[in-house]
Amino acid sequence: MIEIFQNYGDALLRGFGETILCSIIALIFALIIGSGFAILESTPIRWLRIIARAYIELFRNIPLLVITMFFYVVIPMYVLDISGFVAGTIGLILYSSAFIAETVRAGIQSVDTGQMEGARANGLTFWQAMRYIILPQAFRYVLPPLGNQFINLVKNSSVLAFVAGFDLMYQGNVIASDSLQSMSTYMCVGVLYLIITLPLSYYMRYLEHRLS
Amino acid sequence: MAMVEFKDVQKYFGDFHALKDINLKVDSGETVVVIGPSGSGKSTLIRTINGLESIQSGQLIVNGYDLASKKTNLNLIRKDVGMVFQHFNLYANKTILENIMLAPRIVLHRDEKENKQIANELLEKVGLTSQANKFPAQLSGGQQQRAAIARSLAMKPKCLLFDEPTSALDPEMIGDVLNVMKDIARDSDMTMIVVTHEMGFAREVANRVVFMADGQILEDDSSDVFFKGEPKNERAKRFLSNIIAH
């Protein structure tokens with residue numbers, strides 16, 4: 001393993017950087033989009049709920065690799081030339097946002113209905129009630145499952161390896177075939193993933209603890 | 001002037017006919033108590049007044065707004081019509097002070113300094129000054145309900161609806177809440193519509209008593225007539241004698 005780090009350290013670190021970059025971008029957008037659809041699914045307006053439901057079911061039930069391949073192969077062919085990194089990140093955002101939407105929706109539903117009624121009767125609009133009363137409580141409930149989603153997202157970013165996204169997994173594949181030391185290489189890759197996911201999981205637990 | 005006026009209102013939950021031919025007029029400044037056995041539609045009745053429940057036919061005018069029309073902006077009605085719930089429904093993620101200040105801030109855009117001053121005055125009025133920075137879960141039921149009343153009053157409503165405000169409280173907590181409500185009924189010109197089983201409260205401060213059963217209004221008397229005279233309706237008479245007997 002040390003030998004791999006010595007000989008291929010640069011490539012590994014570059015891949016590590018790309019994986020972190022992709023994960024951060026995907027996490028931010030997936031959280032925003034996912035929460036958005038979760039709110040839409042909780043509105044009293046029926047057609048908004050249908051749109052949200054359709055989005056969630058679509059991207060939750062197609063393999064991440066298929067979504068990513070669509071953006072890597074089909075979009076450049078007809079619409080716009082995008083790199084593997086961009087295609088992979090978009091795929092990851094769409095896929096993860098569907099799961100985050102489901103998680104946040106469950107959180108919104110677990111907030112006592114009296115909270116929304118109290119807020120509406122108090123003169124707040126639906127959106128004001130969501131923003132000030134429902135969502136803050138919902139996020140507190142769903143912090144543990146949300147942490148799982150974030151960790152899954154980081155691990156799923158390895159889909160970039162299939163579309164030349166130059167991420168950690170991609171570099172691992174290249175190094176493994178170049179050095180012929182598959183085991184040590186993939187162990188290095190595994191350790192580098194842990195360096196991202198373990199602090200993330202620790203941080204989520206800390207947040208959970210602080211908010212309870 | 002009528003604050004609330006029902007004309008031939010019908011309300012259904014699916015096949016269930018929850019409100020039948022409701023005709024009721026409540027004038028500005030009146031205190032009306034709605035009584036009746038559980039499941040009689042009392043709560044549904046007052047929940048239609050601020051649009052928490054929709055009506056299927058008939059006319060319902062509240063503070064000049066037509067609630068039967070889909071075009072009516074319910075938020076405008078709710079600025080002037082507050083509601084106090086059986087289970088308080090205080091914002092669990094906000095302190096008591098924040099509970100009171102939130103709606104005036106974001107709905108009425110009240111000046112922050114004035115908002116805080118009004119909130120503190122209300123806290124004093126309901127006897128919760130020392131609890132201002134606690135969260136609802138840290139308070140007893142009676143304290144929570146008094147905080148909820150203060151939250152409604154902070155909007156300076158023209159009309160306040162009470163949906164069984166003391167039903168979820170321990171007996172020794174009920175008195176404080178009723179005293180706050182009596183003060184409001186006596187000292188302000190606010191219209192109050194109160195669903196309750198508290199006959200003492202009804203006798204003391206209500207101008208009128210409305211008796212409901214099976215989704216219908218069976219009796220609508222001034223409270224003097226209701227308590228001193230005999231209710232005309234057989235069902236109301238029985239209900240009253242059962243309650244008085246205990």
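This is a predicted model: local features need pLDDT of at least 70, side-chain atom pairs count only at pLDDT 80 or more; totals for chains, interfaces and linings use all residues.
Q: How many residues of chain B are in contact with chain A?
A: Contact here means heavy atoms within 4.5 Å. Chain A brings 17 residues to the interface. Their partners in chain B number 21 residues.

Q: What area is buried between chain A and chain B?
A: The size of an interface is often given as the accessible area lost when the parts come together. Carbon and sulfur atoms give 51% of that area here. In chain A, Glu117(A), Ala121(A) and Asn122(A) lose the most, together 34% of what that side buries. The area buried between the two chains is about 1,600 Å².

Q: Which element gives the most residues to the side of chain A that touches chain B?
A: Across this interface, 9 residue pairs are in polar contact. On the chain A side, the elements that give two or more residues are helix 5 (113-121) and helix 6 (126-156). With 7 residues, the one that gives the most is helix 5 of chain A.

Q: Are Glu53(B) and Arg47(B) buried or exposed?
A: The side chains of Glu53(B) and Arg47(B) meet in a salt bridge, at 3.2 Å from N to O. The cut-off for burial is under 20% relative accessible area. Glu53(B) and Arg47(B) are both buried.

Q: Why is strand 8 of chain B largely enclosed by the rest of the structure?
A: In a regular strand the side chains alternate between the two faces of the sheet. Thr191(B), Ile193(B) and Val195(B) point one way, Met192(B) and Val194(B) the other way. Both sets are buried. Strand 8 (residues 191-195) is therefore largely enclosed, with a buried count of 5 of the 5 residues.

Q: Which residue stands opposite Met192(B) in strand 8 of chain B?
A: Strand 3 (residues 31-35) runs parallel to strand 8, joined by 4 bridges. There, Val32(B) stands opposite Ile193(B). Strand 7 (residues 159-163) is also parallel to strand 8, with 5 bridges. Opposite Met192(B) stands Leu160(B).

Q: With which residue does Arg208(B) form a salt bridge?
A: The closest N and O atoms are 3.0 Å apart. The pair links strand 9 to strand 10 of chain B, 12 residues apart. Arg208(B) is buried at 13% relative accessible area. Its partner, partly exposed at 36%, is Asp220(B).

Q: What is the relative accessibility of Thr68(A)?
A: Thr68(A) sits in helix 3 (residues 64-78) of chain A. Beyond its sequence neighbours up to four places away, Thr68(A) touches Ala87(A), Gly88(A), Gly91(A), Val159(A) and Val163(A). Thr68(A) counts as buried, and its relative accessibility is 0%.

Conventions:
Residues are numbered from 1 along each chain as its sequence is written. Chains are lettered from A and ligands numbered from 1 in the order in which they are written. Side-chain values use heavy atoms; hydrogens and water are left out. Buried area is the accessible area (1.4 Å probe) that two parts lose on being put together, summed over both. A polar contact is a pair of N or O atoms within 3.5 Å; within protein, one must be able to donate a hydrogen and the other to accept it, and residues adjacent in sequence count only if both atoms are side-chain atoms. Buried means under 20% relative accessible area, exposed over 50%, partly exposed in between (1.4 Å probe, protein chains only). Two strands pair if DSSP finds at least two bridges between them. A salt bridge is a side-chain nitrogen of Lys or Arg within 4 Å of a carboxyl oxygen of Asp or Glu.
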